[in-house]
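Work through these exercises with the structure open. Try each task before you read its solution.

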There are 2 protein chains.
Amino acid sequence: MRLTRVPVTALAPEMELPAPEARHLSVMRLAPGDPVLVFDGRGREARAEVVHLEALRAVLRLVEEVSGTPETPQPVTLAAALLKGDKLSDVVRAATELGVARIQLLVTAHADVRDIGTQKLVRLNRIAQEASKQSRRSVTPPVLEPVALSALRWEGQLYVAQPGAAARLTDHLHWESPVTLLTGPEGGLSAAEVERLAGQGACPVQLGPRILRAETAPLALLGALVATGV
Amino acid sequence: MRLTRVPVTALAPEMELPAPEARHLSVMRLAPGDPVLVFDGRGREARAEVVHLEALRAVLRLVEEVSGTPETPQPVTLAAALLKGDKLSDVVRAATELGVARIQLLVTAHADVRDIGTQKLVRLNRIAQEASKQSRRSVTPPVLEPVALSALRWEGQLYVAQPGAAARLTDHLHWESPVTLLTGPEGGLSAAEVERLAGQGACPVQLGPRILRAETAPLALLGALVATGV
């Protein structure tokens, strides 16, 4: 039987869960004595046991720390432009499954959306936590509040999805330094933005000859990456 | 200005559009004399001109056939297990953008869903047509009604997404024969199914060490493919 995975704020000998997680355990029909897996969202994971369970309160006891699921050899950041409506939810969910270490939201020149409410940011982080749990990662990628593209700082390699670029991600990507994958908004990045990034050492890469929606491009880049087995 | 792209059943000197497309042209505030692009969903595309436009009726005149957008060097089939709820809509939409030539639905051993209504199949085909238009392809991939996995026939290469497989798609894929990418349902393919496919020459491929949702795996495989520039 697959153990239920439960997010906790930190591993501790005894861990009290917040009400929504307690409710989740009740719905799963768990009972005192049942085993679960807990994870702290920063790479640590442990076997634990239900000690106490009511509708809105649950206490777990740590049994033994275990090694978490494998992460990419270097951290991968997805730097994604703000998108309209609820599109970022799908991007955050799939990007978390596909192994990103962090999602940095961006405000770009052609953006239709230039800001994100606190509630929405909290919700995106909750989606990342949920997706992390489902894909059995022990790390939850934080979704970071938007910065202007010009203020983006990165370490290592930066690849920018850009229609018509000559380079291909898989011809350049290596694992000797951290990786950032950058994708634009519905209207695309401006030529000036791409030029400035390239001047700072970024590598524009293509994704075939068709037009991809803004929410598909990040998944295509990350798909290319996981298909290499990382 | 980007021309409006209009699906037609076939290129002809005069083309009458069905009511929904006529309505679409009205909403776009087009008028007689305005240029549009028409495409037949089988690779042919032409510049055309609005001759007549009412709320529910539109007639276009063909001006000149043009060469369509590039397709993959060999046709790519996505063979995808039926999924619960509305998840196939997202898969069909993204797979169309990512260049598939056809989507073959499958019934597999662990499937939660074993059938699809006619209406839903019509709807998925409509989504493919819409996505084809948006990504400026001149080919609309048909979404074919489900067949049992054991009845699947293919030509050329078949790659099966399988957690824990040793092979990687990009190490094997070539463009000397057609390509089929196969993904399982929520519960995964059974060991017997994977074994039988492998016995028929299929190559199981991995997508990294994390668990992907059934609807993310096809996009990861196709992402790996478009990142090679096809």
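**Two domains in one chain**

Chain A is divided into domain 1 (5-66) and domain 2 (76-226). The model is predicted.

**Exercise 1.** Find how many residues each domain gives to the contact.

*Solution.* Start with domain 1 of chain A: eleven residues take part. Then turn to domain 2 of chain A, which gives eight residues. Now look at the centres of the two domains, taken over C-alpha atoms: 32 Å separate them.

**Exercise 2.** State the area buried between the two domains, and find which residues of domain 1 of chain A lose the most area.

*Solution.* First, the area: about 720 Å² is buried between domain 1 and domain 2 of chain A. Next, the atoms: carbon and sulfur give 52% of that area. Last, the residues: on the domain 1 side, Arg5(A), Phe39(A) and Gly41(A) lose the most area to domain 2. Together they make up 59% of what that side buries.

**Exercise 3.** Describe the side of domain 1 of chain A that touches domain 2.

*Solution.* Begin with the elements. Strand S1 (5-7), helix H1 (19-27) and strand S4 (44-53) of chain A each supply at least two residues of this side. Then sort its residues: two are nonpolar, three polar and six charged.

Conventions
Residues are numbered from 1 along each chain as its sequence is written. Chains are lettered from A and ligands numbered from 1 in the order in which they are written. This is a predicted model: local features need pLDDT of at least 70, side-chain atom pairs count only at pLDDT 80 or more; totals for chains, interfaces and linings use all residues. Side-chain values use heavy atoms; hydrogens and water are left out. Domain bounds come from an automatic or database domain assignment. Contact means heavy atoms within 4.5 Å. Buried area is the accessible area (1.4 Å probe) that two parts lose on being put together, summed over both. Helices (H or I, at least four residues) and strands (E, at least two) are DSSP runs, numbered from the N terminus. Ala, Val, Leu, Ile, Met, Phe, Trp, Tyr, Cys and Pro count as nonpolar, Asp, Glu, Lys and Arg as charged, and the others, Gly among them, as polar.
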